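Visitor: Hi! Could you walk me through this one?
Guide: Happy to; here it comes.

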Amino acid sequence: FEYVECQLLRLNLVSVHNLMEIKRRFIELDADGSGAIDKEELFLVDSPTSDIEFAMEALKSIHHEVEDLKALREKMPLDEKLRVNEQEQAVARETTREAALNKTWGRFYRQAWFKCLMTFLAWCGVACAFYTQWQGWPFLMSLYYGVQAGLAVGYPLPSEDAICGYDGFEGPASRYIYGEGQQYTPFEEGGRGGCMAGDLSKLFTTFLIILGSGIFATSFGIITVAVYNPPGGWYKRVIKEARLQHLKEEAENTEGWADDVWIYLQILANSNVFHAGAVFTFWVAVGVAYGCLSEQRMTFLTGLYFAVTSMSTAGLEGLMPLGPMTDGPMGAALPRISDIDQGHFAFVTLYILIGVPIYGWALSSIVEWCMRSLNDKFIADTLNAQISHDEFSLIDFLGDFNEKGAHGDGKIDMFEYVECQLLRLNFVSVSQLFAIKRRFLELDLDSSGTINREELVATGSDVQAEGSNPAIKHALQAMERFMEEIEAKKGAHDHTGMSRPP
């Protein structure tokens, strides 16, 4: 049970809070305090499912597979187990060593961020090569157009149809501009204008957008997982929650509103939504400053409009063909967007490359903060929803099923109940649960049903020295508090006798 919970936490599939809420609900349902729930305590509802036998057969198949593995491991001599495990762990240790080396700067070329960067640069190179040759744009302008297209920003300028109106254009596209029948019906005559050269450029951009969107989405996903969901980082979230709880307790115990305001400001400063909001506000300010102070000469509101629409990929306000300020009231208007200082293209390219992820981070943080109460309600409603007869029959093949035989025992213990609710909440899949159990059987060298430190060391698993992380005490205190709450609830429930839960 502990091993399954540990691996679910390490895989970031569930939180400590969710596990404890499920256990609290189990204690409420266990009316007789026996440590198991029977059909009478659950008040099962009828919801017949025509395909339930398929799910039952699938669980039985997995059940027998793991049961056979357990029987095989029990019959295997300890020396044989150690030999097999040593072979497997030799590969695992080498893989772990290589993975650790790959994270160093000496092997930066094997890291995910470097592969994403190389793919992005190759994509940018293709875009720049095409636009510089086909459209005749400068390098930075070509890079700017390719990046804003890949991020689906869609600034109004430059236009790929502008090439159709050039006089004396030389290059690969010229034959599709000046050739017979290459020009389309102009707007003044009821058409849309343009030419074949512009359409071929748009065809290239279409494929560039599809490929670029995939590259950006993959890169942002890798970065997000690395920052917010590192493997085994679950206890760091427990530490953070424990610190916040400590601050809340301080606010309750201190007298006067000034101290409370300071403490709650500290809590706010430690929240993800505050960090995201602060970074978003700063980057918007950078965009506004650029718009107002550069040759683009935007008003404050137009600068704000440019910044927000750029970061949100709306792209409603882009660069205009303006040069240095002159004595005229409108400044120096240039004939083409390509005539402006190329530094503008460089800045806006960098601005959207950084700004779009920041906007996504800020938006997801706000949604997470707003949805927190709704998510808690969803979890509470799911935990309180009645279990059907079909679910009960399937649950009996979860948990530590090897203790009760292949046909179940007609009751649900806490292990089974936790797994059932995790499945109902869509936090985990059946295959993930059984993969964890298979690994447990491999680590349990003496087939005692538990794993000790010596067995972990014998199988080559990494076991850090005690006290290797000073901050772990906060996580331990939080876990102890959770367990004390569960034990207190169980003790109070046991004293109430055989009462039915509401």
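Visitor: What should I know about the model before we start?
Guide: It is a predicted model: local features need pLDDT of at least 70, side-chain atom pairs count only at pLDDT 80 or more, and totals for chains, interfaces and linings use all residues. Residues are numbered from 1 along each chain as its sequence is written, and side-chain values use heavy atoms, leaving out hydrogens and water.

Visitor: OK, how many helices and strands are in the chain?
Guide: There are 19 helices and two strands (DSSP runs numbered from the N terminus: H or I of at least four residues for helices, E of at least two for strands).

Visitor: And how much of the chain is buried?
Guide: Of the 502 residues, 36% are buried (under 20% relative accessible area, with a 1.4 Å probe and protein chains only; exposed is over 50%, partly exposed in between).

Visitor: New topic: where is L117?
Guide: L117 sits in helix α6, residues 112-134. With a relative accessible area of 34%, L117 is partly exposed.

Visitor: Which helices have axes that cross at roughly 145°?
Guide: Those are α16 (residues 414-424) and α17 (residues 430-443), whose axes come within 10 Å. Axes are lines fitted to C-alpha atoms, for helices over the stretch in contact, with angles from 0 to 180 degrees between N-to-C directions.

Visitor: Which residues meet there?
Guide: F415, E419 and L423 of α16 meet V430, L433 and K437 of α17 (contact means heavy atoms within 4.5 Å).
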